[in-house]
Amino acid sequence: MLDFLYKKTKNNMKLTALDRASRIAIVECMGAKNNEKILIITDKDKYEIGHNIFMNALTLGFESLLVEIKPGKVNGEEPSAEIAELMKNFDIVFCPTAKSLTHTNARREASAKGVRIATFPGITKEVMIRGMNADYKKIAALSIKLKEILENGKHIRVTAPAGTDISFSIEGRKSFASKGLFHAKGESGNLPTGETFLAPVEGTANGIFVTDGSFAGLGLIKNTNISIKVESGFVTDIKGGAPAKKLIKMLDEVGKDARNIAEFGIGTNDSAKLSGVLLEDEKVMGTIHIALGNNVSMGGSVNVPIHLDGVIKKPTVWMDRKMLMKDGKLLV
């Protein structure tokens, strides 16, 4: 086994499962080198995990800083200018926060400076421990394979048993493999991870998608699925009881562009489970997710301070009339 998993904490206590997960994130996933500086940005809701990463980074010998920020209101909300500037001055940044910093200008600008960044939106202790013990070499291989397939495609159609039937163009779009190994300058993604995703061409999505897995900001879908009608790339109607009303409120607070069809993603992590934590849910093998709002991080043109994903179970996916998934089973 790797020595870093057994090197004891500063007070010589035995490593916990969370310690081991933090060390895998630092050493394996981010490939931290001896002379690198590490920043951890967290909030009161995720402080236990942020502090654990910080303490393990110190014990492993890295110059590290832990910063606690005010919890965001929605996924994609920008941190303060001071935090955004701080992110640019480290080699590695970890962001275990209640709301996602993934699709923010702060993250993009730090990545452009060469900073390697791992975001953990909504992370829980259980998801951290389970997700960080996945086989990331296997996940990386599948995610990269899907990336190469999608980049040669022009059109996607998705159907699913709960009522999803939506199609959109992906012609000319770059796809992204969130493979969990961020070793090169400027690389970033979620941890735990395992997905391949892209931004559908703006204005081309039409149909209905029905989320029956989970939805960002709402958690697991338990009683009433959320049905979302899409016309010319924008959501025009949302049904599904109280959760749908909450979703409408979140979108209306931002404006029309929050209703943009921002992302299409395929889960590639066979260790992930539907837990109500979107960070994990969108990575579950056998699901796809469609997101609303900001798509700038994946090469789109809609830059709004919100990004919300909805997870769909047992999808069938066609690319240019060739079936890629059938009832949740990948055929590639």
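## The largest pocket

The largest pocket in this predicted model has a volume of about 720 Å³. A pocket here is an open set of points on a 1 Å grid over the protein atoms alone, with protein on both sides within 12 Å along at least five of seven lines; lining residues have an atom within 4 Å of a point. Volume means the space filled by probe spheres set on the points, which are joined across faces, edges and corners.

Which residues lie nearest the centre of this pocket? They are Thr-102, His-103, Asn-190, Glu-195 and Glu-282, out of 39 lining residues. By class, the lining has 13 nonpolar, 16 polar and ten charged residues. Ala, Val, Leu, Ile, Met, Phe, Trp, Tyr, Cys and Pro count as nonpolar, Asp, Glu, Lys and Arg as charged, and the others, Gly among them, as polar. Strand E7 (175–178) gives the largest share of the lining, four residues. Helices (H or I, at least four residues) and strands (E, at least two) are DSSP runs, numbered from the N terminus.

Let's turn to the strands. Eight of them form an open antiparallel sheet, in the order E14-E13-E10-E6-E5-E18-E19-E20; two strands pair if DSSP finds at least two bridges between them. E14 (234–239) and E20 (329–330) each have a single partner strand, so one side of each is left without a neighbour in the sheet.

Inside the sheet, four bridges join E5 (residues 155–159) to E18 (residues 316–319), and Arg-157 stands opposite Trp-318.

## Helix H1

Helix H1 spans residues 17–29, and its buried residues include Leu-18, Ile-24 and Cys-29. Buried means under 20% relative accessible area, with a 1.4 Å probe and protein chains only. The buried residues of H1 pack against several elements, including strand E1 (37–43) and helix H2 (47–59). After H1 comes Gly-31, whose phi is positive, near 60 degrees.

## Reading the model

Residues are numbered from 1 along each chain as its sequence is written, and side-chain values use heavy atoms, leaving out hydrogens and water. Local features need pLDDT of at least 70 and side-chain atom pairs count only at pLDDT 80 or more, while totals for chains, interfaces and linings use all residues.

Methods: Buried means under 20% relative accessible area, exposed over 50%, partly exposed in between (1.4 Å probe, protein chains only). Contact means heavy atoms within 4.5 Å. On a 1 Å grid over the protein atoms alone, a cavity is a set of points where a 1.4 Å probe fits but cannot get out, and a pocket is an open set with protein on both sides within 12 Å along at least five of seven lines; lining residues have an atom within 4 Å of a point.
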